[in-house]
Structure formats: C-alpha cells, structure tokens
Amino acid sequence: MVTALLLLITWGGLAYRQSRLVTASLLTAAILALGTLLGEVGPLVWLLFAVVAAVLNLPALRHGLLSRPLFKVYKGLMPEMSRTEKEAIEAGTTWWEAELFRGKPNWQTLHNYPRPRLSEEEQAFMDGPVETVCRMTNDWEVTHERADLSPEVWAYLKEHKFFAMIIKKEYGGLEFSAYAQSRVLQKLCSTSAVLASTVGVPNSLGPGELLQHYGTKEQKDHYLPRLARGEEIPCFALTSPEAGSDAGAIPDYGVVCLSEWQGKEVLGMRITWNKRYITLAPVATVLGLAFKLRDPERLLGGEEELGITCALIPTSTPGVNIGRRHFPLNVPFQNGPTQGKDVFVPIDTIIGGQEMAGQGWRMLVECLSVGRGITLPSNGTAGSRVSALASGAYSRIRRQFKLPIGRMEGIEEPLARLGGNAYLSDAASMLTVTGIDLGEKPSVISAIVKYHLTDRSQRSIIDAMDIHGGKGICMGPNNYLARGYQGAPIAITVEGANILTRSMIIYGQGAIRCHPYVLAEMLSVQEPDAKKALAQFDRALFGHLGFALGNFARSAWFGLTGARLSPAPVKDATARYYRQMNRLSANLGLLSDLAMATLGGELKRKERLSARLGDILSQLYLVSATLKRFNDEGRPAEVLPLVHWACQDGLYRAQVALVELLDNFPARGLGRVLKLLLMPFGAPLKRPSDRLDHQVARLLQTPGLARNSLAGDLYLTAEEGNPLGMLEQALTDILRAEPVFDKATRAVGRRPFTMLDQLAEEALAAGAISQEEAALLTAAEASRLRTINVDDFDPLELVVNKASFDDSMLNKAA
C-alpha cells in the first residue's frame with residue numbers, strides 16, 4: 001500500500017510538471033527499490049517494470065513495437081490536406097497564444113514583453129498631421145453630403161504620407177511601428193470611419209505590404225516610392241461573388257501565353273476576373289489582383305495548374321474595368337467592384353516575378369496575419385472607446401427624474417459593459433501589435449482580435465445607442481454614434497466573416513499551430529524519407545502523450561482545489577485571475593486532445609465544438625492582454641474596477657464555453673465524466689457583480705485616471721465640427737457648474753437642473769454668486785442644451801433627388 005500510494009503521488013506530480021520520461025522511469029525505479037526493502041514489491045513487478053521501461057526508453061524497441069504500427073494507423077486516419085489548407089496552416093507564426101495552449105503559461109514571459117511606445121517621430125505625427133487631418137474632416141459632410149472625403153483631405157493624406165506608414169524609409173515611407181499605425185487609425189476613427197478605412201487599407205493587406213515582402217527589386221524601386229508619395233493609390237482584389245470567406249476557391253483565372261505588348265511579343269498572362277467589395281477600387285491607380293494561374297503550354301517550364309497568383313496591374317491597362325462603387329451601410333468609404341476579360345499583362349506583373357507564380361495564397365495568408373491584427377481591431381477598439389466615453393459623459397449630463405441618468409441602475413449595467421469592453425479591447429490591440437513589432441506574424445491571434453474586438457465594438461455601439469435613446473437615432477452633424485451603429489456590420493463581415501472566423505479559423509489554426517505536437521505529427525506524414533518520418537512521429541507522439549497526461553493531472557488538481565494553489569506572478573487582487581487562467585489553459589489542452597482523439601478529421605466539421613474551444617483560447621488571450629496592460633501601466637489602483645470587470649467577464653465567458661462544450665461533447669458519457677473532473681463542485685466563476693458594475697459606471701462619468709485610460713490618443717479637441725470633443729467639454733462644464741448651482745439654489749430656491757442661464761442672472765442679482773460663477777452656469781447651460789438637443793432639417797435638405805420633389809411639397813416646405 002505504501003509503494004502504491006507513493007507511485008500514485010509521484011506519477012501525478014510528474015504528470016503535473018510534465019517531466020521527462022527518463023525522470024519518471026528513474027523515480028519509479030527508486031520507489032520500487034523502497035518497496036522491495038519493505039517487502040511489498042516482488043520479482044514479477046520488477047520484470048514488468050523492466051519491460052515497460054525498456055520499451056518506452058530505448059528508441060529501437062519503442063520504434064519497432066509501438067511507433068511504427070501506430071504511425072501506419074495514423075497515416076490511414078489522416079485526411080487529405082489540400083495545398084491551400086497546408087499553406088494556411090503553415091503561414092505566420094505562433095506567439096503568446098501558443099503559451100496559453102500549453103496548460104501552464106509562463107506569466108513572466110508575458111510581463112517581459114516590452115510595453116509599446118511611440119517614438120518621437122511617431123508622436124510628432126500624431127500631434128501634427130493626424131490632429132490636423134482630424135480637424136479638416138467633418139464626418140457629416142463626408143457621409144451625407146459628399147459620400148467621400150473632401151479633395152483637400154485627400155491631398156493632405158497624400159502629402160503627409162498617410163498611405164505610407166508601412167513603407168520603409170529607403171523608399172520614402174514613414175516606416176512606423178505596428179503600434180503607431182494602430183494609434184493613428186484609432187484617432188482617425190474617432191473622427192470618421194471613412195477616414196480611418198481610407199488610410200487603413202493601403203497600410204494593411206495590399207500592394208505595399210506584398211511588394212515589400214515579395215516584390216522584385218524593379219517592382220519595389222518603381223512602385224514603393226510612388227505609393228509613398230501618394231502618386232499611386234493601391235487596392236487589392238481578392239473577393240469574388242462566388243468566393244467570399246472561401247478565398248481559396250476564387251474562380252478568377254489567368255492563362256500563361258505569348259502576346260503582343262507595346263509592339264513586341266512577350267510572355268504574359270490573359271486574365272479574367274470579377275471581383276467585389278474592393279476598398280479603394282473606385283479611385284485606385286494600381287490594382288493588386290489574386291487569381292488562379294494556368295500554364296497549359298508549360299511556357300514557364302513547370303506544372304500546368306500553378307495555383308493562386310498575385311499580380312500588380314495599372315488600372316489604365318486596356319480591359320481593366322474599374323470605377324463604380326458599392327454603398328456599404330451609409331459609411332461611404334471608396335469601395336467597389338472590378339472586372340476584366342482576357343486582359344493581357346506581361347509575366348513580370350506577378351508580384352515577386354515569374355518565380356512567385358502560384359505562390360499567391362502563401363503570400364496572402366502571411367501578410368493577412370499582420371494586417372488583420374492591426375486595421376480592423378484598431379477600428380473596433382476605437383469604436384468601443386468612443387462608445388464608452390460618449391455614453392459616460394452623456395449619462396452624467398442628461399437628467400431624468402431630477403438626477404443624472406448614469407446613477408440609475410438600469411443605465412449602470414450597459415455603462416459597465418462599455419467601460420470593461422473598452423479597456424479590454426485596447427489592451428488586446430496593444431498586446432497584438434507588440435507581437436507584430438517583435439517580428440511575429442500571428443495568424444491565430446490576428447483572427448482572435450479581428451473577431452472579438454469587432455464583435456465587442458458592435459455590442460458596445462448598441463449599448464451606447466440604448467443609453468442615448470432619441471439623441472442617438474436622430475442623424476445630423478451633432479450625432480457622434482449613428483454612423484458607427486450603421487457601419488458596425490461592415491467590420492463584422494470583412495477580412496473573414498466573424499461567424500467563419502469563430503467557428504473555423506481561430507481553433508482550426510490554433511489547434512494545429514498552438515499545440516506543441518500536433519503539427520509535427522501531421523508533417524511527419526508528409527516526410528518522404530521513411531526513417532526520418534518515423535523518428536519525427538515518435539518524438540511528437542510521446543511528447544503528445546506526456547502533454548495530455550500533464551494536462552489531465554493539472555486539470556484534476558485545479559478542479560479539486562479551485563486552482564487556489566496554482567502559481568501566480570503577483571500577490572494582489574489580480575492573482576486569482578492568473579490562477580483561473582492556469583486552470584482553463586490546462587482544461588483547453590486536455591479537451592483539445594480528447595476532441596482530436598475521439599473525432600479525428602471530423603473535428604474540423606464540428607464547427608460549434610471548434611468554436612467553443614476557440615472561445616476558451618480567445619478569452620484567455622483577451623484576459624491575459626488586460627493583465628499585461630495593467631502591469632505595464634504600473635498597476636494603478638484607480639483602474640482596478642475596469643481590470644476586474646474585463647477579467648471577470650472574459651473568464652466567465654470562457655467558463656460558459658467550457659460548460660457548453662462538455663454538455664454537447666460528442667461522447668456524452670465522456671462529457672459527463674469530464675465535467676465532474678474539471679468542475680467537481682460546480683462552475684466556480686461568476687459574471688461581474690452589480691457592485692462592480694456600479695464602480696465602473698461611476699468611473700465613466702468622472703474625469704480621472706481611469707477615464708483618461710480610455711481616452712488616450714482619441715480626437716477629443718473641443719471645437720465646432722467635432723461633436724465628441726464638444727461632448728467632453730460639456731461634461732467638464734457641467735461638473736464645474738454643479739457646485740455653483742447648489743450655491744445659487746440655496747439662495748434663490750431649489751429648482752431642476754435646467755435654465756441655468758436664468759438661474760445665473762437671479763443669483764447674481766441677489767449677490768449669491770460672483771460674475772465668474774455666473775459665467776460658469778451660463779456656459780454649462782449652453783453645453784447642456786447642445787448635448788441633449790438633436791439636429792433637425794428643412795424637408796428639402798433630406799431629399800437626394802430634389803428635381804423629383806413634388807411641387808406641393810416644395811410649397812409646403814417653403
């Protein structure tokens with residue numbers, strides 16, 4: 001009994017620590033030796049141990065008796081992997097998300113990542129050109145009157161190289177960090193989504209990014225300086241009517257052939273395409289194009305079906321049809337279709353030249369992993385921050401039933417969501433661009449932040465609209481929410497629709513790329529050398545078994561103890577969040593292995609199962625980003641309510657995904673057993689409390705460090721044409737006026753917080769307040785009315801086709 005108990009405890013501890021096999025064998029031998037001295041272990045046990053230890057520890061025996069037959073079975077079970085699937089899986093890099101997948105995240109690694117900061121040059125750009133172009137841009141004019149940026153804004157963007165943030169300085173670009181790009185886009189987005197989209201796309205997936213990574217010297221020398229100076233406006237055409245989310249199925253094609261070009265016969269391609277949803281296409285001068293290339297005459301000397309290829313084509317090329325526009329949800333950034341039929345271009349229009357023919361899909365997924373981690377998450381984060389700041393200010397200014405509506409519990413609930421989501425989104429955006437600036441191409445992380453930050457932004461703008469009521473639904477120059485509300489589904493839809501991203505991409509790539517052994521097992525099947533393939537499979541297989549046993553032991557221990565004994569890098573109020581993430585990380589690793597073991601290749605078709613596993617990974621990333629930001633900023637106590645809310649909400653969502661996963665596990669009995677193992681005392685995590693909601697809601701309505709943490713780098717200058725800045729000024733005016741209001745009403749009688757200008761006159765006449773205090777009340781009344789009033793129009797102003805307006809209506813309008 002002593003020996004058996006010692007073995008059980010030792011094996012559990014070894015599994016928990018994911019110790020090496022040889023260490024486990026030596027410790028087992030030591031315990032058996034002790035058991036022999038105690039008279040509990042006989043020769044038969046030693047013989048069994050010797051056989052098992054020899055088979056497991058001696059490569060020749062292990063390969064012959066275990067790995068080789070298992071490898072044959074594995075090869076038979078592995079589904080055929082298409083070229084595009086293989087390229088998508090191998091594209092990009094893994095980073096912090098892989099650590100979260102391993103069951104025991106190294107939190108010191110997270111804390112040691114550098115805090116993102118703007119360089120002096122980048123800060124000067126934010127304070128100068130970005131501030132100026134925000135001041136130049138009136139979103140109502142852009143979205144309602146012009147359906148475009150003004151010519152002056154377009155010229156300013158080109159002159160100051162807004163389209164060249166990613167282009168290296170040797171080509172005349174700004175060569176900004178990913179963090180700087182994100183902050184620029186967030187500030188622009190706080191002024192106008194059209195402005196942010198126009199700047200974001202050329203700095204994301206597009207010709208500039210592709211040229212810098214894959215272009216020939218001639219292509220770089222020709223195009224990059226012109227792009228940097230704004231002489232060329234780029235777009236990239238990928239999406240087709242028949243192939244949206246399934247970009248690998250694009251029907252557009254090119255055929256390699258010889259034809260005449262500028263008076264000479266040259267090797268080239270005849271391309272036919274029909275694309276849509278292409279941002280900047282209507283104004284583009286150079287068209288990046290993805291298509292499938294064929295070489296039926298083998299003029300390039302290789303295969304007949306070359307695969308997806310990317311080319312760069314001037315839009316002035318004969319046969320290129322471009323210039324019409326889509327109209328995406330009243331947010332009229334330049335977006336439209338492009339077509340071409342048998343358009344001939346030379347072979348050197350392929351990005352990277354002839355040798356990159358057929359390599360387009362790899363190029364796209366690698367570049368997309370960077371661009372998708374910056375542009376849409378930045379815009380989504382800006383949307384969440386604007387919603388939170390605006391709603392906090394409006395809730396403090398707007399009064400009903402003689403008190404600010406922000407003090408009502410019904411309003412506190414959505415306000416808390418707004419504050420927590422804004423803080424978390426900004427944190428996740430910061431951590432993601434930190435990875436990009438460290439040289440990572442985080443394909444899994446970019447999918448996580450694209451989905452979750454755009455989703456939280458949409459839900460935030462809905463909460464903001466609910467709080468604002470009539471103020472939010474009446475369009476006009478002073479409405480700072482409505483266009484964001486209208487345009488939220490655009491971010492949900494583009495660069496991988498959110499449903500697809502959640503149900504297939506996050507975990508589809510994450511399970512393979514983040515798991516420490518699965519990709520190696522899969523690649524062993526592709527290895528042509530049989531000896532190398534077996535050795536690779538053997539290492540991966542036994543590493544995988546140790547990984548699974550470790551996560552089983554950790555999950556069981558954390559379930560019994562509530563993870564209270566789990567290590568955390570800090571000892572303050574946030575330590576519990578690190579401990580719960582240790583638990584969920586182990587759970588994720590264990591459940592991933594069990595899902596793959598029971599479903600095999602069917603797992604990728606179990607999209608709801610995959611989505612829930614992806615949700616756990618995603619929430620772990622978002623919560624860890626929140627804690628990283630809090631640590632980077634010096635752990636200020638003033639923002640703790642925001643941190644608590646974001647962490648509790650994220651961990652609770654992860655738990656919900658875990659419970660739903662186990663309740664719907666394909667092997668029902670296994671699901672019940674796992675639920676008892678992982679949560680023997682029930683689900684331990686709770687959503688944020690009403691008390692915490694109250695604290696966060698108050699922070700949003702009160703100027704200070706916490707509110708400032710949500711406002712940094714947004715365009716909040718108080719001036720006509722910037723309704724968000726004027727709202728911030730109104731909040732300041734109201735708070736400064738409230739003590740004067742109390743003083744005045746004590747002298748002349750209590751009354752509602754209205755007609756403050758009249759109150760000022762009465763109190764001043766009574767000698768109760770000074771001239772300066774009267775001016776405060778008067779300014780507050782003007783700000784209050786500007787905040788609660790909405791725009792109205794002459795009926796004729798709202799008619800687009802005024803020529804068809806009925807004469808009687810014209811007379812009535814007059």
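Let's start with helix H21: 12 of its 16 residues are buried, so this helix is largely enclosed by the rest of the structure. Keep in mind as you look around that this is a predicted model.

**Helix H21**
- H21 covers residues 498-513 and has a kink of about 30°, centred on Ile 505.

- You'll find Asp 455 in helix H18, which spans residues 443-468.
- Is Asp 455 buried or exposed? With a relative accessible area of 10%, it falls under the 20% cut-off, so Asp 455 counts as buried.
- The side chain of Asp 455 makes a polar contact of 3.0 Å with the side chain of Arg 459.
- Looking past neighbours within four places in sequence, Asp 455 touches Ile 492 and Asn 498.

**Strands around E4**
- Strand E4 is mostly covered, with 7 of its 9 residues buried.
- E4 (residues 286-294) runs parallel to E1, and 4 bridges join the two. Across that pairing, Cys 235 sits opposite Leu 287 of E4.
- Leu 287 also stands opposite Ile 313 in E5. That strand, residues 305-314, runs antiparallel to E4, with 9 bridges between them.
- E2 (residues 253-261) pairs with E4 too, in the parallel sense over 3 bridges. Here Gly 254 has Leu 293 of E4 as its bridge partner.
- E1 is covered on both faces: Pro 234 and Phe 236 are buried on one side, Cys 235 and Ala 237 on the other.

**The nonpolar cores**
- How many residues does the largest nonpolar core have? It has 126, and Trp 96, Tyr 621 and Leu 777 make the most contacts inside it.
- Helix H26 (residues 640-663) gives the most to this core, with 12 residues.
- Beyond its neighbours within four places in sequence, Trp 96 is in contact with Tyr 621, and its other contacts include Pro 105, Trp 107, Leu 431 and Ile 445.
- A second, separate core has 92 residues, among them Leu 293, Ile 347, Ile 374 and Val 433. Leu 293 is the E4 residue that partners Gly 254.

Conventions
Residues are numbered from 1 along each chain as its sequence is written. This is a predicted model: local features need pLDDT of at least 70, side-chain atom pairs count only at pLDDT 80 or more; totals for chains, interfaces and linings use all residues. Side-chain values use heavy atoms; hydrogens and water are left out. Buried means under 20% relative accessible area, exposed over 50%, partly exposed in between (1.4 Å probe, protein chains only). A polar contact is a pair of N or O atoms within 3.5 Å; within protein, one must be able to donate a hydrogen and the other to accept it, and residues adjacent in sequence count only if both atoms are side-chain atoms. Contact means heavy atoms within 4.5 Å. Two strands pair if DSSP finds at least two bridges between them. A nonpolar core is a set of buried Ala, Val, Leu, Ile, Met, Phe, Trp, Tyr and Cys residues joined through side-chain atoms within 4.5 Å. The bend at a residue is the angle between axes fitted to the seven residues ending there and the seven starting there.
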